Amino acid sequence: MSGILVIQEERGQGRNRFSYEALAAGRILAGLTGLSLETAVVGDKNTPILAETSGVPPMTAYAVQHPQLKHYTSDGYVLAFEQLIRKLQPAFIVVPHSYQSRDYVPRVATRFGQVLISDITGIETGPTFVRQLFQGRMNGSYRHPGDGPCFLSVQAGAFQVDSAQGGTTTILPFEPEIPADAVRARPGEPFRGSSETVDLGSAQRIVSVGRGIKSAENISLVQELATSLGAELAASRPICDNGWVPMERQVGSSGQTVSPKLYLAVGISGAIQHLVGMKGSQCIVAINKDPDAPIFEVADYGIVGDLFEVVPALTEAVKGAGH
Amino acid sequence: MKIMVAIKQVPDRDAQVRINASAKWIEESDLQYALNESDAYALEEGLQLKEKHGGEVIVVSAGPERVGSTIREALAKGADRAIHIVCDDIGERDALSVARLLAAAMKPESPDLVLTGLQSEDLGLGQTGVIVAELLGMPHASLILQVEKTETGVTVKQELEEGWFQTIELPTPAVLTIQSGGNKLRYATLMGIKRAKTKEVRQLTATELAVDAAPVVVLERITLPKKQKSTQMLSGTAAEAAAALVQKLKFEVHVL
Amino acid sequence: MIVLLPTLAEPEHFSMVEKFLLTGLVAVSAWTFWHRFGLVLDKILKSKKDAGFHLFPIGKRVRDFVWEVLCQAKVVRERPLPGLAHAFVFWGFCAFVLVTLNHFATGLGIGFLDSAGLVGRFYFYFAAAFALACAVGILGLFVRRFLVRPKWLGEKLSWESGLIALLIFVLMATYLASFFVADGGLAVWILWWVHTLALLTFLPIIPHTKHLHLVLSPATVFLSRGGFSSIPALSGDEDFGLVAGTDLTQLVSLQAYSCVECGRCTEHCPAANTGKLLNPKEIILGLRGYLNEYGPAAEEPLLGKYNAQQAAFQCTTCGACEFQCPVGIEHLPIIVGLRRGAVNTGAWEDEYGSKLFLALERGSNALGLSASERDKFIEKQGLPIFDGTQEYCLWLGCMGSYDPKGREIVVALARVMSYLGVSYGVLRKEKCTGDSARRLGNDLLFQQMAEANLEAIAKSKVRKMVSICPHCVRTIQEDWKEYGTPPEIEHHSEFLARFADRLPKQKVEEKIVFHDPCYLGRYRNVYDEPRTVAALAGELVEAPRHRERSFCCGAGGGLAFLGEETGERVSQVRTAELVATGAQTIAAACPFCNTMFRDALAARGEGAPELMDIAQLVARELPRSKDNFCSGP
């Protein structure tokens, strides 16, 4: 038993941040335990993420290769990483908490008689691992007292990607044995949610407009902001009633219930009919000229100001940020 | 199709959770409990499959006596019968031990499909279903929104990230962990509650199932998070506030 | 002294043939009547017994009977002209009972009223006066039905109504004409026989047409369930509401056959007036159609051929129909009963409805918000927690707890209470009263909410409650009774009105129009108190439809939580009416009305009147010092 194995996931350009965060968590753990750090990723030695993290500890990286691993399957990954872990015998396995890891890592852990401590947000001396309970209303500190490897998955955004340190990384190939009939699932190609019909319910970002917009001509202002954010346009009931925005884009008790990652409410005061339709949003931003508007009660970020100034400025800022 | 649905009773979303004297768990007296949300979706999926293809839906739940009310709720919504694994030490068991209980209770039933919720609202470990699949030696798929029966198994729609989805074909028997929101849930009815009174609830114990409680990971203590959600007001000129917001969205919320 | 006046002429002699003929005709007429009426009676009597029906105390029943049936008060009050015409016809009929009996008796040679005698003379004149009024009345009603044709009487002209009108007119005309012909002549013989034939034709028509109400509606009024919109408790393990014919109770069947198709319910129904499928008259006639085709023992679903599920779920339970009905039909228990049948068995599938029920199943409120939001509001406003020492428990309700606008009303009321030096506190935890679940027919949920609340309130030593929400007040006071003893509760308009002389009279030239909430007005009979309170803040004006005739805002019956309406929005129709009064302020007394009008006013854009609850109207004149803000005396 030695070492910390960080399993990264290659997702393509600009989408690997959660793997770097797992690596950062691995480094914190290495600092606390004095154990060495290794990494592994499915792919060959030219896999971009290996190049991106080259020269940054860990100094040893395993490129896990097998034709059966071309597409992600739980069965394939379980076999591959079970074998790698048996070979390396790490004390800790750290993975990003992604849809992939939560799909296969618990199975790998079971094969070692272990339990994944999932979605951790902090590592403290001991080491103990902090994760959220009761949907964030409590924190729990977990310890792994027994023998055998300790499996951890790292919550996205919980660990800061740290600055690089100089050095060279050795990339070693690892070829697991995966029998032809071992993979039972047949995955199809990933696809986007249908975009023909308005489905605010599954939209990731929504810009919603309310009475503060004053007239139909001004809707374009908000539409531009939505476009720059890659967001869907939505509206409160009076706006849809006036026909300024189509009825199927109404958010609220008599319209749709939404839970996007970002809900930007422009000129919406926050009547209850509206609030119940968007309260499940992960991040709520409100722009309103009335500092007492109820919408600010539920907002994570608020800007008190004239939307006719703030919205164009925000559109510019978003474009400037290269989104 | 014989469908088994593993359900969990969790503290009600609205319940005020307080840390108990040992600081290892919450104060359980006076707490209200409810069916875990994604388990409700797993149950709904099971019921809809049964309504379409016939068969039987059996709910399985592990926990103390109080779990009975949640089991009855599931029966009221349309499950045919239930297995209650009575264990008072459910709080001390880790996900592996709980999954062993569930798997041991399920195995003799030889189900065609095992459904669980994606994760629980209290612990949120999100792995019990996957471990059950491993223990039963069945293939599995997680984060499932839709299930279609095929000749040899099921085709499922899996949620990936950021609005991406994937279709997976699986042979049965298989285990699926169900994501919330894929179906419309049904409400409990008076008729359902009355009919549920006559449905079978078989009680099993951990001893009968020969599963010990020794955990491999230990929850040492629980604490209150430092800061509750509050509104950050961004001030300055329109341009300044806009710039500040973009920074926040990029680096704090990670949505840009 | 009365010799100068003509006397009622009668044929002098009836031959044996005539007597046999008369007896035969009466028998045929009576048989034809009974052939149908017996069937109807059988369907009513074979319907399920009304569990929990009590004839006693009988005093109120007698009073209602005298007032509504004998005095025709409701008929006249709600539609004065046609009502009066109807009343004359009705009173004419009453006066004619004796005349008619004597008429047939005379035919058989055993007449008991002597047209020459003092009593007979007097009575015949008495009846003649009514006959005249009745003839004029029926003529008026004929003109209305066939020439004026108000739309709620239905598109189709009913030939039976025409025939009935003709028969009644003939009866009266022949009677009156008999005063002007000589005894024993041909003329009187013809009049006598025409009168007789008209009577014998009239009798069998009664049970075959809506004129069945002549016979049934007095019973319907007398046997009413009592109370307004009183929803009967379910009885036994197999009662889920009105699912099939077997669930129709005797009262429901009696009411279904009593409907006179006058369309007053439709005329006042917010759903029927805004282009929805629901038409309360058709609901009742649907049940009648069902009973006619399937009968009370049928398993055929009630929501199907004769009544649409969609219609049943468009009802705002405003109660205008039940309030208006002149023959004692209780629409709400029927409409809610049909909903119960659909919801309690899971037959109702509605995205928004399911969402509401699931929110109530899992959480504490109809809005699906976390209870901690309520805690935060209480903390932020510094509302005192009820601990048994305060006089009043201020019940917040879902809207008062979570709706930003409802919260403003609560805060305003709290300020007024503090100003008045009345101590109060709010409960640490509240669950929804179950109003929406109750009206939508979800008995399981309603029971759970009522029981949980009753238990919590019993523990908290609450004596008196006050609430800003008429729906909460009604549900707590009346509907919870099914599961325990509710605390005493009043609406804040009642509370404020009691203190009106201690509240500042505002010197503003402001026209205020008060909208009567259905659950305060028709459900609770509170009309003056909120006006007393609103009048403190300005000059009251009335909307065309007010008090008992107030038009719904569209939110009741759980509809505030359901999806978009078909047709026009009820809230916008009502808002337009309130705006048209020219008032600068719309005064509301219900947070649901408030939220409906808020949206409707928003859609109207600039220049719309202000919308305030009566508590806010009072509070705006109070000193804003922190000392008396929610701190209690």
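Me: What distance separates the centres of domain 1 and domain 2 of chain B, taken over C-alpha atoms?

Reply: This is a predicted model, where local features need pLDDT of at least 70, side-chain atom pairs count only at pLDDT 80 or more, and totals for chains, interfaces and linings use all residues. Residues are numbered from 1 along each chain as its sequence is written, and chains are lettered from A and ligands numbered from 1 in the order in which they are written. Chain B holds domain 1 (2-209) and domain 2 (229-256), with bounds from an automatic or database domain assignment. Their centres, over C-alpha atoms, lie apart by 40 Å.

Me: Is Gly425(C) buried or exposed?

Reply: Gly425(C) sits in strand E2 (residues 424-425) of chain C; strands (E, at least two residues) and helices (H or I, at least four) are DSSP runs, numbered from the N terminus. A residue is buried if 20 or more other C-beta atoms, placed from the backbone, lie within 10 Å of its own, exposed if 12 or fewer, and partly exposed in between. Gly425(C) has 20 such neighbours, so it counts as buried.

Me: Which helix gives the largest share of the side of chain C that touches chain A?

Reply: Contact means C-beta atoms, placed from the backbone, within 7 Å. Chain C brings 15 residues and chain A 14 residues. Helices H18 (404-420) and H25 (591-604) of chain C each supply at least two residues of chain C's side. The largest share, five residues, comes from H25(C).

Me: How far apart are the C-alpha atoms of Gly425(C) and Gln572(C)?

Reply: Along the chain, Gly425(C) and Gln572(C) are 147 residues apart. Their C-alpha atoms are separated by 36 Å.

Notes
Two residues are in contact if their C-beta atoms, placed from the backbone, lie within 7 Å.
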